[in-house]
Amino acid sequence: MDAVRPRPGPVAAQAFRLGMYLGAFVGLAAIGLLYWAGSLGVVMAGYALLLLFPVYLVFVAAVLSRWLGYQKGTESLRPVYETR
């Protein structure tokens, strides 16, 4: 028997938003700290900001959505029909 899962509410949406802001701040602070310490050069810091940071944010969003219950199971999938 499938477990009934309630939909995430407004508190989950607020927690997701706060988690994304905090995740973005931590990521940018880490890049800035590594640049300030001299571990990253200008080119590598730009690479991290332009290519790695968006991937990191997608990973943060995936973890937060799984943790807060935004994932959907296979029972929520419906066939898609094209009308002519």
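The model here is predicted, so local features need pLDDT of at least 70 and side-chain atom pairs count only at pLDDT 80 or more, while totals for chains, interfaces and linings use all residues. Residues are numbered from 1 along each chain as its sequence is written, and side-chain values use heavy atoms, leaving out hydrogens and water.

**Overall build**

- The chain has 2 helices and 0 strands; helices (H or I, at least four residues) and strands (E, at least two) are DSSP runs, numbered from the N terminus.
- Its radius of gyration is 19 Å, whereas a compact globule of 84 residues would have one near 12 Å; the radius is taken over C-alpha atoms, and the globule rule is 2.2 Å times the number of residues to the power 0.38.
- Along its principal axes, the C-alpha trace spans about 55 × 40 × 20 Å.
- Buried residues account for 18% of the 84 residues.
- Of the contacts (heavy atoms within 4.5 Å) with a separation of 6 or more, 73% join residues 24 or more positions apart.

**Helix α2**

- Helix α2 covers residues 42–68, and its 27 residues should span 39 Å at 1.5 Å a residue; the end C-alpha atoms are 37 Å apart, which agrees. The expected span is 1.5 Å times one less than the number of residues.
- At L52 the helix bends by about 45°, with a proline, P54, following within four residues; the bend is the angle between axes fitted to the seven residues ending there and the seven starting there.
- Buried positions in α2 are A45, A48, F53, V60, L64 and L68, and what covers them includes α1 (10–37).
- Just after α2, G69 takes a positive phi of about 90°.

- The largest nonpolar core has 5 residues: A24, I31, L40, A48 and F53. Both α1 and α2 give two or more residues to this core.
- Such a core is a set of buried Ala, Val, Leu, Ile, Met, Phe, Trp, Tyr and Cys residues joined through side-chain atoms within 4.5 Å.
- Leaving aside residues up to four places away in sequence, L40 touches I31, L34, Y35 and A45.

Notes:
Buried means under 20% relative accessible area, exposed over 50%, partly exposed in between (1.4 Å probe, protein chains only).
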